[in-house]
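This report concerns the pairing of charged side chains in one protein model. Please have the sequence and the coordinates at hand while reading.

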Amino acid sequence: MGKPVFNHVALIGLGLIGSSICHAIQRDKLAKRITGAAKSKATRETAERLGLCDEIYTDPADARSDCPGYRTSVETWGDHF
């Protein structure tokens, strides 16, 4: 892959799907920067340990980007929007 497609990608939800997307973005160098948000402290700590994102937040609003991706279960949408 050549030049990154996105300057900054943010993923809201870093569980199974979100982490898989992070890995693919990193592998294919699709973004210069990745930020993420996760409600669970354990998920944030795991994402940090795995190096999934450049920065990880509790509040999704802090992870703003030019390409947001919401990877969270429908039941939690009210918590995010």
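The text below goes through the salt bridges, their place in the fold and the exposure of the residues involved.

The model is predicted, and a search of the whole structure finds 3 salt bridges in it. Side chains of opposite charge can pair when their charged atoms come close.

| Salt bridge | N to O distance |
|---|---|
| Arg27 and Asp28 | 3.0 Å |
| Arg33 and Glu55 | 2.3 Å |
| Glu45 and Lys41 | 3.9 Å |

In the salt bridge between Arg33 and Glu55, the closest N and O atoms are 2.3 Å apart. Arg33 belongs to strand 2 (residues 31–37) and Glu55 to strand 3 (residues 55–57), so that this pair ties together parts that are 22 residues apart in sequence. Arg33 is partly exposed at 30% relative accessibility, and Glu55, at 32%, is likewise partly exposed.

Lys41 is exposed, with a relative accessibility of 55%, whereas Glu45 is partly exposed at 45%.

Arg27 and Asp28 form a salt bridge through their side chains, with 3.0 Å from N to O. Here Arg27 counts as exposed, at 59% relative accessibility, while Asp28 has a relative accessible area of 28% and is partly exposed.

Note on methods
Residues are numbered from 1 along each chain as its sequence is written. This is a predicted model: local features need pLDDT of at least 70, side-chain atom pairs count only at pLDDT 80 or more; totals for chains, interfaces and linings use all residues. Side-chain values use heavy atoms; hydrogens and water are left out. A salt bridge is a side-chain nitrogen of Lys or Arg within 4 Å of a carboxyl oxygen of Asp or Glu. Buried means under 20% relative accessible area, exposed over 50%, partly exposed in between (1.4 Å probe, protein chains only). Helices (H or I, at least four residues) and strands (E, at least two) are DSSP runs, numbered from the N terminus.
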